[in-house]
Amino acid sequence: MIKQVKQWAFAAFFAIAVGGTFATAITPGTASAACSSGFLTFPAWYNGLVDGSCNIQSPDKVTGGLKGFIFKIISNIIEIALQVVAYISVGFIIYGGFLYMIGAGTADKMVSARKTILNAIIGLVLSFFSIVIVNVIASRIN
């Protein structure tokens, strides 16, 4: 019974995480968002620094001046790095699943594969929370 609950909880988490990522990547943006769009779910490094005609604004026109300009670039780069960590975590979940499949019958290989999957899930959850925290802090400062 507990094993089934764990399996359903993992399946629900996986569906929400993967479904949300695909929905974000597939959702069409508006015309004004086209100049600040990035690759997959990564923001462009200049996200939030463009004017209406997709030109990067000078630092004196950005809220906060040069400090605000530099902070916006740094927060975009941090978000990109955290999303790379999330993609790497997903890769390790897949790798752990592969190890689990080929280690069938050998207890120590299956335990190692489960540990890999668990650590990757923990890394994925931490990266999601980190992305949220960075976005909240960046929106509060600007």
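Val 84 is found in helix H2. The model is predicted, and the exercises below work through it.

**Exercise 1. Describe the fold: how many helices and strands does the chain have, and what share of its residues is buried?**

Step 1. Count the elements. The chain has three helices and zero strands. From the N terminus the order is α-α-α.

Step 2. Look at burial. Of the 142 residues, 23% count as buried.

Step 3. The chain exposes about 9,800 Å². Carbon and sulfur atoms supply 72% of that area.

Step 4. Look at contact range. Take the contacts between residues at least 6 apart in sequence: 55% of them join residues at least 24 apart.

**Exercise 2. Judge the confidence: where is it lowest, and where is it highest?**

Step 1. Start with the whole chain. Its mean pLDDT is 75, and 72% of its residues reach 70 or more.

Step 2. Compare elements. Helix H1 (residues 2-26) is lowest, at a mean of 58. Helix H3 (residues 107-141) is highest, at 86.

Step 3. Over residues 22-32, pLDDT stays under 50. The model has one contact beyond four places in sequence for this stretch.

Step 4. Where pLDDT is low, predicted coordinates should not be read in detail.

**Exercise 3. Check helix H3: what span should its 35 residues have, and which of its residues are buried?**

Step 1. The expected span is 1.5 Å times one less than the number of residues. For the 35 residues of H3 this gives 51 Å.

Step 2. Compare with the model. The end C-alpha atoms of H3 are 51 Å apart, so the two values agree.

Step 3. List the buried residues. In H3 they are Met 110, Ala 113, Ile 117, Ala 120, Ile 121, Leu 124, Ser 127, Ile 131, Val 134 and Ala 138.

**Exercise 4. Find the largest nonpolar core: which residues form it, and which helix gives the most?**

Step 1. Name the members. The core has six residues: Ala 86, Ile 93, Ile 117, Ala 120, Ile 121 and Leu 124.

Step 2. Assign them. H2 and H3 each supply at least two. H3 gives the most, with four.

Step 3. Follow one member. Beyond four places in sequence, Ala 120 contacts Ser 89, Phe 92 and Ile 93.

Step 4. Ser 75 is found in helix H2. At 7% relative accessible area, Ser 75 is buried. Beyond four places in sequence, Ser 75 contacts Val 134 and Ala 138.

**Exercise 5. Classify the aromatic pairing: how many pairs are there, and what is the geometry of Phe 92 and Tyr 95?**

Step 1. Count. There is one aromatic pair.

Step 2. Read the geometry. Phe 92 and Tyr 95 lie 6.3 Å apart centre to centre, with 90° between the planes. Over 60 degrees counts as edge-to-face. The pair is therefore edge-to-face.

Step 3. Locate the pair. Both residues lie in helix H2 (residues 65-102), three residues apart, about one turn. An α-helix has 3.6 residues a turn, so residues three or four places apart point the same way.

Step 4. Phe 92 is partly exposed at 44%. Tyr 95 is partly exposed at 43%.

Note on methods. Residues numbered from 1 in each chain as written. Predicted model: local features only at pLDDT ≥ 70, side-chain atom pairs only at ≥ 80, totals over all residues. Heavy atoms only, no water. pLDDT = per-residue confidence, 0-100. Contact = heavy atoms within 4.5 Å. Phe/Tyr/Trp six-rings, centres within 6.5 Å; stacked < 30°, edge-to-face > 60°. Buried < 20%, exposed > 50% of the residue type's maximum accessible area, 1.4 Å probe, protein only. Core = buried A, V, L, I, M, F, W, Y, C linked by side-chain atoms within 4.5 Å. Areas by Shrake-Rupley, 256 points an atom, 1.4 Å probe, with all protein chains shown as cover.
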